[in-house]
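Hi,

Here is the structure I said I would pass on. Have a look at it first, and then read my notes below.

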Amino acid sequence: MSFQLGNFALTLINTIFNLFTFLLMLRFALQAARADTMNPINQGILGATDWLIAPIQRSLHPISGRYEYVTVIAAVLVKIIGITLIFKLFEGVYLPFYNLFIAGIAGALNAIVSIYYFALIIMVAISWIAPSANHPGAILIYQLTQPILQPLQRVLPSFGGLDFSPIVAFLLITFADNLIVNRLVIMSMIPARVVIGY
């Protein structure tokens, strides 16, 4: 029973930190895509993460620009704290910072890869089921995926009105996941279950 409780607690802690890392990277992706800040879903994401991001922004005075790098730093730190907490509670050890830092980067990159992967799946589904959808979620998905799809659409030829850019985007995302994220997980020497959740 104690093993089962320990396993449940580990999964719960890891899930909480992974979800918050995901939210932070989603905030970063939406800001980089210049998504509508008046969209209620985007406002909810900003509201859920502002308590952490706003104080960091005030203290670091980041260079203004298209990309909110403070959010990426926060996501990496959240992942590092989560992994540190898990190993201290369940193994009674502190890991070297190098391993934690690599794992934190891997966790943040895995979150952004997952965001675009699922956003593309939803976007393709919406384009088939309800291409003229006005729902705030559909609009946000469209705004999130366009920075990836538009460059591909300019390069790829059109075949009878069919858009193959989502397929190419899926291949590129899978390639990035295998080439970068998985290698970083191996380099961190921390179990993948803890770093990226599976």
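**Helix 4 and its neighbours**

Helix 4 and helix 6 cross in a left-handed way (the near helix is turned anticlockwise from the far one by less than a right angle; clockwise would be right-handed). Before I go on: this is a predicted model, where local features need pLDDT of at least 70 and side-chain atom pairs count only at pLDDT 80 or more, while totals for chains, interfaces and linings use all residues. Residues are numbered from 1 along each chain as its sequence is written, and side-chain values use heavy atoms, with hydrogens and water left out.

Back to that pair. Helix 4 covers residues 97-129 and helix 6 covers residues 165-188; they pack at about 165 degrees with axes 9 Å apart (axes are lines fitted to C-alpha atoms over the stretch in contact, and angles run from 0 to 180 degrees between N-to-C directions). The two helices are therefore roughly antiparallel, a label for angles over 145 degrees. Sorted by class, their contact has 22 nonpolar, 3 polar and 1 charged residues (nonpolar is Ala, Val, Leu, Ile, Met, Phe, Trp, Tyr, Cys and Pro; charged is Asp, Glu, Lys and Arg; polar is the others, Gly among them).

Asn99 lies in helix 4. Is Asn99 buried or exposed? Asn99 is buried, at 9% relative accessible area (buried means under 20%, exposed over 50%, partly exposed in between, with a 1.4 Å probe and protein chains only). Leaving aside residues up to four places away in sequence, Asn99 touches Met187, Ser188, Met189 and Ile190, where contact means heavy atoms within 4.5 Å.

Ile190 also turns up in the largest nonpolar core, which has 50 residues (such a core is a set of buried Ala, Val, Leu, Ile, Met, Phe, Trp, Tyr and Cys residues joined through side-chain atoms within 4.5 Å). Along with Leu24, Met25, Ile112 and Leu144, Ile190 is among those with the most contacts inside this core. Helix 4 gives the largest share, 13 residues. Leu24 touches Thr49, Leu52, Ile53, Thr71, Ala74, Ala75 and Val78, again not counting residues up to four places away.

As for the whole protein, there are 7 helices and 0 strands (DSSP runs numbered from the N terminus: H or I, at least four residues, for helices; E, at least two, for strands). Of its 198 residues, 38% count as buried. The C-alpha trace spans about 60 × 35 × 35 Å along its principal axes.

Cheers

Note on methods. Parallel < 35°, antiparallel > 145°, perpendicular 65-115°, else oblique.
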